[in-house]
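Got your viewer open and a selection tool ready? Let's walk through this one stop at a time.

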Amino acid sequence: MHFTPPVQTIYATIQALKEYWKEGEEAKWARHTRVFNAINKGLGELGFKQVIKPELRAGLVSTVIYPDDPNWDFEKVHDYCYERGFTIYPGKIADKHSFRLCALGAIDEPDIVDFFKVLKEALDVTGVQVPIQYN
């Protein structure tokens with residue numbers, strides 16, 4: 001580094017490595033897999049369609065297409081979830097209206113189950129209906 005190093009990044013990397021080795025590679029992979037599978041299950045049960053086909057998904061981020069409902073309002077659903085401890089991220093695809101869910105972090109399957117309870121409440125409160133998608 002030619003100048004002042006990004007100290008916060010170095011500390012974050014050291015902490016991430018400590019946590020990684022403490023949990024163990026196989027356990028961490030198993031947890032991430034549980035989380036990603038729970039996200040896919042929850043989205044399917046609510047009727048959401050994803051951008052990426054199941055066989056091509058990497059297991060990190062799910063990109064979800066907005067439901068075709070005039071009541072859908074990302075900001076309202078986002079805020080409802082956020083006020084209850086969950087964050088959904090806006091989509092980054094130019095030609096598709098979407099939002100994203102991440103399978104990373106210090107979370108496990110029960111957290112995802114709790115999230116989908118809140119997301120379902122948000123849909124009910126805002127009057128959004130998601131038609132079941134059959135892939």
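**Stop one: the charged pairs**

By the rule used here, there are seven salt bridges, a salt bridge being a side-chain nitrogen of Lys or Arg within 4 Å of a carboxyl oxygen of Asp or Glu. Before you click on them, know that this is a predicted model, where local features need pLDDT of at least 70 and side-chain atom pairs count only at pLDDT 80 or more, while totals for chains, interfaces and linings use all residues. Residues are numbered from 1 along each chain as its sequence is written, and side-chain values use heavy atoms, with hydrogens and water left out.

Why look for pairs like these? Side chains of opposite charge can pair when their charged atoms come close.

Select Arg31 and Glu23: they form a salt bridge, with the closest N and O atoms 2.6 Å apart. Arg31 is buried, at a relative accessible area of 10%, while Glu23 is partly exposed at 28%. For the labels, buried means under 20% relative accessible area, exposed means over 50%, and partly exposed is in between (1.4 Å probe, protein chains only).

Next, pick Asp108 and Arg34, another salt bridge, whose closest N and O atoms are 2.8 Å apart. Asp108 sits in the loop between β3 and α4 (109-126) and Arg34 in helix α2 (residues 25-46), so this pair ties together parts that are 74 residues apart in sequence. Helices (H or I, at least four residues) and strands (E, at least two) are DSSP runs, numbered from the N terminus. Both partners count as partly exposed: Asp108 has 21% relative accessibility, and Arg34 has 34%.

Now move to Lys117 and Asp114, a salt bridge with its closest N and O atoms 4.0 Å apart. Both lie in helix α4, three residues apart, which is about one turn of the helix. Asp114 is partly exposed, with 37% relative accessible area.

Switch to a cartoon view. In what order do the three strands form their open sheet? The order is β1-β3-β2, with antiparallel pairing; two strands pair if DSSP finds at least two bridges between them. The edge strands are β1 and β2, each pairing on one side only. Look for α2 as well, which packs on the sheet and touches β1 and β3, its direction making about 10 degrees with that of β1. (Axes are lines fitted to C-alpha atoms, for helices over the stretch in contact, and angles run from 0 to 180 degrees between N-to-C directions.)

Zoom in on the pairings. Strand β1 (residues 61-65) is joined to β3 (residues 98-102) by five bridges, and Thr63 stands opposite Arg100. Strand β2 (residues 89-90) has two bridges to β3, with Pro90 opposite Phe99.

Stay on Thr63 in β1. Is Thr63 buried or exposed? Thr63 counts as buried, at 14% relative accessibility. Leaving out residues up to four places away in sequence, Thr63 touches Gln50, Val51, Ile93, Ser98, Phe99 and Arg100, where contact means heavy atoms within 4.5 Å.

**Last stop: the start of the chain**

Finish at Met1, in the segment before α1 (7-23). Met1 counts as exposed, at 74% relative accessibility. Beyond its neighbours within four places in sequence, Met1 is in contact with Pro6 and Ile10. Try the distance tool from Met1 to Lys92: they are 91 residues apart in sequence and 32 Å apart in space, C-alpha to C-alpha.
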